[in-house]
Amino acid sequence: MSHTKVLLVDDEVEFASALAERLQMRDYDVKTASNGLEAMALFHGSPPDIVILDLRIPGMDGLEILKNIKIFDPTIEVLILTGHGDVESVAEGMKNGAFEYIMKPIDIGELTSKIDMAMKKRTGSRA
Amino acid sequence: MTDNFERELRFLQLRFIGKILAGFTHESKNYLAIIKESAGLIDDMIKLGKSGEAASSQFLEITHSIEEQIEKSTGLFKYLNRFSHRMDTRLSAFNCNEALEELMALINRFANQKRIELAKDFQQDMPLIYGNPSLIQFLVFSFLEETIKTLDKNSRIIIKTGTANGSIIIKIITDGNLIEAEREKEDFPYETYNAVLKHLEGKITPESGVKTFTFPLKVSDI
């Protein structure tokens with residue numbers, strides 16, 4: 001049983017809810033947020049182990065969310081989710097401490113493998 | 001027109017087409033991502049042996065969502081296809097509202113990123129006009145892009161069309177706060193755009209919160 005706590009931040013609500021359900025079927029404990037404010041509220045209410053973050057969510061800079069997460073707890077790992085070939089923003093995200101990035105449309109096996117690797121790193125960092 | 005002007009114009013037009021394609025592919029990838037996750041969810045549910053009324057209802061909901069995404073994709077493809085064919089000839093008879101509607105659909109993503117609403121207020125009985133729709137789309141895009149950059153989030157931009165004194169009027173009306181710092185640092189090639197406007201025999205009248213483009217009305221006899 002995994003029970004890794006995942007916060008999925010994406011403004012595409014249908015995408016986020018389908019992906020969340022698929023991850024829950026694989027024993028991840030998933031919450032979703034469709035904008036920056038909702039994400040930060042959920043984040044502070046119950047800090048996740050892993051954040052899957054679309055950097056281009058409307059209304060708030062995804063990079064700012066990433067920086068805030070890392071200030072709050074540097075061991076929380078962030079996977080950048082991107083639907084476009086914006087190499088610059090992904091590179092900026094990686095520079096600011098993101099663990100990995102994944103392109104849409106995603107492969108569920110690839111995503112869970114990256115979540116597990118990120119969780120391993122987080123567990124190692126906290127030991 | 002000088003060589004420098006031609007080079008600058010070519011660069012700006014390629015940049016414009018690149019932006020349209022980037023927005024289109026981004027949006028398409030989002031639709032495909034939803035379709036893929038929805039199909040994956042059905043697959044997962046079948047493998048887990050989910051059945052009964054609740055599962056059937058969820059299957060139907062998911063398939064409707066897939067249909068909806070396909071319809072949205074088809075709509076976007078239609079706009080991109082029409083946009084591309086506008087470049088087939090230098091001059092053609094076209095409906096200004098249709099050209100602006102497809103432009104708005106293709107750049108909506110850029111506005112949404114800043115939570116800026118793009119709204120239209122089109123005159124319904126616009127006559128077909130004869131001209132270069134691609135250049136008009138290019139100009140409107142360039143000023144719209146600049147306007148989006150300079151506006152704060154939760155603003156609104158209204159594209160208004162109409163006719164007056166034998167001319168087509170396109171207005172970009174803003175409703176929101178300006179971000180002064182961003183506006184000052186932008187290097188906006190007004191001279192090039194003004195030269196294009198001159199080529200189209202049009203003019204721009206910038207006022208506070210409104211940019212008005214005026215093009216002489218050449219009504220098509222097609």
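**View 1. The contact between chain B and chain A.** In this predicted model, the contact takes 20 residues from chain B and 17 residues from chain A, where two residues are in contact if their C-beta atoms, placed from the backbone, lie within 7 Å. On the side of chain B that touches chain A, the elements giving two or more residues are α1 and α3 (96–113) of chain B, and α1(B) gives the most, with 14 residues; helices (H or I, at least four residues) and strands (E, at least two) are DSSP runs, numbered from the N terminus. Residues are numbered from 1 along each chain as its sequence is written, and chains are lettered from A and ligands numbered from 1 in the order in which they are written. Local features need pLDDT of at least 70, side-chain atom pairs count only at pLDDT 80 or more, and totals for chains, interfaces and linings use all residues.

**View 2. The open sheet of chain A.** Five strands in the order β2-β1-β3-β4-β5 form this sheet of chain A, with parallel pairing; two strands pair if DSSP finds at least two bridges between them. Because β2 (29–33) and β5 (100–103) of chain A stand at the edges with a single partner strand each, one side of each is left without a neighbour in the sheet.

**View 3. Strands β4 and β5 of chain A, with a helix packed on the sheet.** Strand β4 (residues 77–82) of chain A pairs with β5(A) in the parallel sense over four bridges, and A:M103 in β5(A) is the bridge partner of A:T82. Helix α5 (residues 108–126) of chain A packs on the sheet, touching β1 (5–9), β3, β4 and β5 of chain A.

Key:
Axes fitted to C-alpha atoms, helices over the stretch in contact; angles between N-to-C directions.
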